[in-house]
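Reader: I have a model open and some questions about it. Can we go through it piece by piece?

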Amino acid sequence: MASWKPKSVSFVRAVTRIDDFPRDGRPEIAVMGRSNVGKSSLINRVLGRRSFARVSKTPGRTREVHYYLLDDRRYLVDLPGFGYARVGKEMRRQWSRLIEAYLGRKEALALAVHLVDARHDPTPLDAMMRDALLSRGLPTAVVLTKCDKLSGSALPRALSRTRRRLELPREVPLVATSAADGTGIDALSKLMIAAWSGEQAAWSRREDEA
Ligand code: GDP
């Protein structure tokens, strides 16, 4: 089967205030991760658009929640990157308020996609993100990015290290991807389309790992 790509994608809005989140009942998938984790590149790859989400030259600048409307029926939500050292305390507070508010609207959230750079250990901020998602019982998938940078046994090691360090329950899928060479994009797209369509079983399987 040809891999899923949306037929239409439009940028709907950049939300900076809690009251401005859309409330039209369309299912949302949110993508989040550290600044520079490769979020924009992965979103572009999944959407099959060359440069829809901005691939950042200055990491961590965005403090907005970006809503993309796909095929007029579902949202892909690009959450601002976390953990950029140079943002001040007030910025960080604003960031956590916005994220907390976002995650608090869990009725809309079909899947949270938490990105982790395959080359690095999950950071304390990754552990906080994981807790924020799983303590709320939100459907979550963890995605390793930039896997083209790993060779040989480094990839399976990164997968087991991430699952262990983040103490991921069995039902949380862990998918290895690369926006550069396309690894894992089909597996990730399948998880996403199943979640948008409300097919819980598809994202709670672990076969997509490795
Ligand atoms: P964001 O800040 O999380 O949105 O990350 P970007 O998508 O802007 O990417 C950050 C940097 O990582 C850029 O220099 C990208 O070219 C690079 N990058 C992103 N994805 C990949 C990937 O899959 N493989 C490799 N080798 N580099 C990547």
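**Notes on a predicted model**

Author: Threonine 140 is buried, with a relative accessible area of 4%; buried means under 20%, exposed over 50% and partly exposed in between, with a 1.4 Å probe and protein chains only. This is a predicted model, in which local features need pLDDT of at least 70 and side-chain atom pairs count only at pLDDT 80 or more, while totals for chains, interfaces and linings use all residues. Residues are numbered from 1 along each chain as its sequence is written, and side-chain values use heavy atoms, with hydrogens and water left out.

Reader: Which strand is threonine 140 found in?

Author: Threonine 140 belongs to strand β6, residues 140-145. Strands are DSSP runs of E, at least two residues, numbered from the N terminus.

Reader: And what is threonine 140 in contact with, leaving aside neighbours within four places in sequence?

Author: Leu111, Ala112, Leu133, Leu134, Val172 and Pro173. Contact means heavy atoms within 4.5 Å. A polar atom of the threonine 140 side chain also lies 2.9 Å from the backbone oxygen of leucine 138.

Reader: Switching to valine 15. Buried or exposed?

Author: Valine 15 is buried, at a relative accessible area of 0%. The residue is in strand β1, residues 9-15. Beyond four places in sequence, its contacts include Phe21, Val65 and Tyr67.

Reader: How many residues apart in sequence are valine 15 and valine 65?

Author: They are 50 residues apart in sequence, with 5.0 Å from C-alpha to C-alpha.

Reader: Aromatics next. How many aromatic pairs are there?

Author: The structure holds 5. One of them joins tyrosine 67 and tyrosine 75, edge-to-face, at 5.2 Å centre to centre and 90° between the planes. Rings of Phe, Tyr and Trp (its six-membered ring) pair if their centres lie within 6.5 Å; planes under 30 degrees apart count as stacked, over 60 as edge-to-face and the rest as tilted.

Reader: Which residues do ring pairs link into a cluster?

Author: Phe21, Tyr67, Tyr75 and Tyr102. Tyrosine 67 is buried at 0% relative accessible area, and tyrosine 75 is buried at 4%.

Reader: Last topic, the ligand. What is 2.6 Å from one of its oxygen atoms?

Author: An N or O atom in the side chain of serine 40. A ligand oxygen is also 3.0 Å from a polar backbone atom of asparagine 36, and a ligand oxygen is 2.8 Å from a polar backbone atom of alanine 179. The protein covers 77% of the 580 Å² of accessible area that the ligand has on its own; such areas come from the Shrake-Rupley method with a 1.4 Å probe.

Definitions and conventions:
Polar contact = N/O pair within 3.5 Å; in protein donor to acceptor, adjacent residues only side chain to side chain. Helix = DSSP H or I, 4+ residues; strand = E, 2+ residues; numbered from the N terminus.
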